[in-house]
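Hi everyone, thanks for coming. Let's have a look at one model together, and please keep the structure open while I talk.

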Amino acid sequence: MNATSRPASSPRYGMPLLTALFFGWGLITSLNDVLIPHLKAVFSLNYVQAMLVQFCFFGAYFLVSLPAGSIVRRWGYQRGMVIGLVIAAAGCALFYPAATFQTYGWFLGALFVLASGVTLLQVAANPYVTLLGPEDQASRRLTWTQAFNSLGTTVGPLFGASLILTAADSVAAEATAVRGPYLGLAAALLLIAVVLMVVKLPQVGTDTSRQAAEHTPPAWRHRHLLLGVLAIFVYVGAEVSIGSFLVSVMSAPDVAGLSGSDAGHMLALYWGGAMVGRFIGAWAMKRVSAARLMTGCAVGAVVLLTVAMLAGGHLTMWALLAIGLCNAIMFPTIFSLALERLGPRTEQGSGLLCMAIVGGALVPLVQGALADSHGLIPSFVVPLVCYLYIAYYAARGHRVVPVQGGHPAAAAVRT
């Protein structure tokens, strides 16, 4: 294999290790949806204050993504993932003093450190998966690994509901309920980091590609990447916002009237739908283009949100839960389409896309403000607008437009 060629197929250990990483950060991310109602009860927060959990977690993506890209360029994908795991483990460990002092600010700080490590993992792992094989199978490959991310997001609410929300239902909403689960996560992340240090993965980022990047236009000059950055922003924002409010919606007397722990268990269906959908999507992409499949999923999400806002009762709950299935292929498809034909600027493009995950910090705040002022159900107009834009990106915005003086492959247009 020469310095610039791609591996013909996935390595023996590479994909299993990567799927473990995707599973781990999926579980961590979905735990926020359980943490929000728990901390809301502990500290008597309104919706906007409770959404600071997502603001601090996903705000790290905006602040850390570019430095993370520099770390990956300097140390490589594998070392970058190891560093990310260690930082994430440190963030999990900080939950112990946060729970001991029972201070909301400590929790937010621990979440920021945790998310900084997860950001570095995303910046390193997502492009690594797209480069670890033929380019025409990048969407399918990333969808497959994201399916295990969704397995983690499915397990996360069950894990959190059993160990955190159950304690909040039976005891006076104790902040200390989070200490054991997050210390366990810290140990697991450190274990994966040790394994990743020992196993040798194929090198897909080379000195040659870094030198070539100096002679190509910066990533942000590619129209399909910029539109993809916005698509990631609104997608993550919509997905996180719906997940953040689902426990509150299902607990509302006029919807389902569930207890906190029961609602937390039901939340697993939202993330579980994404898991099932990603396995289906990886199979369907053999027959249907990723962009067309994503267009149908975005339209489906718009329809379900409209039903949820108008129907009321249990139908509202089931419509919102079903959106998880529509979410299935969106993140990996947007990510791979946006990175298409960036050549040596792939790492830079990945950093920009990961910065856009800050949508998970800002969109829930917007919906929280609307929920405080106009009510919980009407606030779902915010994710509805997000999915309308995703439908546009899937139908037209993802197409590659030639960049003057750019990488030769950029002249090709994907349809």
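The lining of the largest cavity has 10 nonpolar, 7 polar and 2 charged residues. For the classes, Ala, Val, Leu, Ile, Met, Phe, Trp, Tyr, Cys and Pro count as nonpolar, Asp, Glu, Lys and Arg as charged, and the others, Gly among them, as polar.

Please bear in mind that this is a predicted model, where local features need pLDDT of at least 70, side-chain atom pairs count only at pLDDT 80 or more, and totals for chains, interfaces and linings use all residues. Residues are numbered from 1 along each chain as its sequence is written, and side-chain values use heavy atoms, with hydrogens and water left out.

Back to the cavity. A cavity here is a set of points, on a 1 Å grid over the protein atoms alone, where a 1.4 Å probe fits but cannot get out, and lining residues have an atom within 4 Å of a point. The volume is the space filled by probe spheres set on the points, which are joined across faces, edges and corners. The structure holds 2 cavities of 30 Å³ or more, and the largest has about 230 Å³ of space. Of its 19 lining residues, W25, T29, Q122, N149 and E239 are the closest to the centre.

Which helices supply at least two residues each of that lining? They are α1 (14–43), α3 (52–75), α7 (138–170), α10 (223–251) and α11 (260–284). Helices are DSSP runs (H or I, at least four residues), numbered from the N terminus.

Now for some packing. The axes of α4 (residues 77–93) and α6 (residues 104–131) come within 7 Å and cross at roughly 155°. So α4 is roughly antiparallel to α6, a label for angles over 145 degrees. The axes are lines fitted to C-alpha atoms over the stretch in contact, and angles run from 0 to 180 degrees between N-to-C directions. By class, the contact of α4 with α6 has 19 nonpolar, 5 polar and no charged residues.

Next, α3 and α6 pack at an angle of about 40°, with their axes 7 Å apart. That makes α3 oblique to α6; oblique covers whatever is left after under 35 (roughly parallel), over 145 and 65 to 115 degrees (roughly perpendicular). Their contact has 21 nonpolar, 5 polar and no charged residues.

Finally, find L201 in the loop between α8 (179–198) and α9 (207–213). Is L201 buried or exposed? L201 counts as buried, because its relative accessibility is 3%, and buried means under 20% relative accessible area with a 1.4 Å probe, protein chains only. L201 and L17 are 184 residues apart in sequence and 9.5 Å apart in space, C-alpha to C-alpha.

Terms used: 1 Å grid on protein atoms, 1.4 Å probe; cavity = no way out; pocket = protein on both sides within 12 Å on 5 of 7 lines; lining within 4 Å. Buried < 20%, exposed > 50% of the residue type's maximum accessible area, 1.4 Å probe, protein only.
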